[in-house]
Amino acid sequence: MHWSRDAWPINAIPYGTLIAGISVIALSLSLTLTNYKEKAVTFLAFILSSYGLIITESRGVWLGYIVTLAVMFIIFMTTKKIKITWRSIMLAFVVIIGVSVISKPLISQRLSQTQQEYNDIKSGNLNTSIGLRLQMWQSAPMIIEHHELLGQGDQYIQVLDRLFHQGRISQVLYTYQPPHFHNQYVDYMVKKGIIGLILLLCLFILPLRLLKNASLLQRYITITLVSLFAVASLTDVPFNHGQTIFMYIFWLGCFTTTSNNEHVDHD
């Protein structure tokens with residue numbers, strides 16, 4: 001539709017996070033289902049979701065998605081309970097290559113933009129998308145000074161004003177007045193302090209602690225979703241958006257509280 005990313009009804013980054021979550025769930029189902037038609041349908045959902053993620057041009061989510069697929073591959077290689085044929089491998093390879101070829105213009109454009117921003121940062125220009133994020137992260141220790149335990153809450157904007165007038169942050173960062181810090185860990189540390197950061201880490205750790213007697217499908221989905229959101233949190237704030245935090249809790253709630261004998265996989 002040729003809309004710019006900021007004209008979407010939902011922010012492109014959390015939207016990309018949701019698509020990535022759907023994609024890894026679909027792949028998990030495809031790997032564990034025994035019915036070949038269901039495996040084909042869920043694999044198709046994985047491919048289409050992957051292309052949808054590429055369209056969002058969300059680099060941070062791309063990174064989280066790649067890491068998550070790598071984690072899933074490691075789990076797959078260390079699990080001897082799933083058997084696949086060379087025919088399945090070749091079909092998957094052909095489909096993935098096809099999607100990559102179709103998506104090449106979008107990926108190439110975004111990589112070129114990233115390279116240009118990297119060169120700008122090397123030359124000392126931090127007034128770019130990535131450069132502005134770096135300035136936010138660099139300002140965090142100054143903002144939470146003497147408020148490390150509970151953070152600054154909504155008062156961080158006033159602190160930014162004071163830091164600007166002291167000449168400790170740039171005009172661009174001061175003018176931008178960031179609603180968040182494009183990093184969930186930094187954002188929680190600034191606004192909620194060490195206590196908030198610990199509670200955030202619990203959202204990643206607690207689901208993993210429920211995997212002791214989990215089925216293979218539960219392990220796939222839980223580990224991959226936690227990996228996806230943990231890495232995506234390095235460049236965005238998925239737990240600040242109602243859509244993404246709801247779906248994270250909903251998905252993990254469904255898959256970690258369902259008894260093993262109700263799952264479709266036969267491990």
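Me: Is the crossing of H1 and H3 left-handed or right-handed?

Reply: A crossing counts as left-handed if the near helix is turned anticlockwise from the far one by less than a right angle, and as right-handed if clockwise; the crossing of H1 and H3 is right-handed. Please keep in mind that this is a predicted model, in which local features need pLDDT of at least 70, side-chain atom pairs count only at pLDDT 80 or more, and totals for chains, interfaces and linings use all residues. Residues are numbered from 1 along each chain as its sequence is written, and side-chain values use heavy atoms, with hydrogens and water left out.

Me: At what angle do H1 and H3 pack?

Reply: Helices are DSSP runs (H or I, at least four residues) numbered from the N terminus, and their axes are lines fitted to C-alpha atoms over the stretch in contact, with angles from 0 to 180 degrees between N-to-C directions. H1 (residues 12-32) and H3 (residues 59-78) pack at about 15°, their axes being 10 Å apart. That makes H1 roughly parallel to H3 (under 35 degrees; over 145 is roughly antiparallel, 65 to 115 roughly perpendicular and the rest oblique).

Me: Which residues of H5 and H6 meet?

Reply: Contact means heavy atoms within 4.5 Å, and by that rule Ser-139, Met-142 and Ile-143 in H5 meet Tyr-156, Val-159, Leu-160 and Leu-163 in H6. The axes of H5 (residues 129-143) and H6 (residues 156-165) come within 11 Å and cross at roughly 95°, and H5 and H6 are therefore roughly perpendicular to each other.

Me: Where is the kink in H8 centred?

Reply: The bend at a residue is the angle between axes fitted to the seven residues ending there and the seven starting there; in H8 a kink of about 135° is centred on Lys-192.

Me: How do H8 and H9 cross?

Reply: The axes of H8 and H9 (residues 216-232) come within 10 Å and cross at roughly 165°, which makes H8 roughly antiparallel to H9.

Methods. Helix = DSSP H or I, 4+ residues; strand = E, 2+ residues; numbered from the N terminus.
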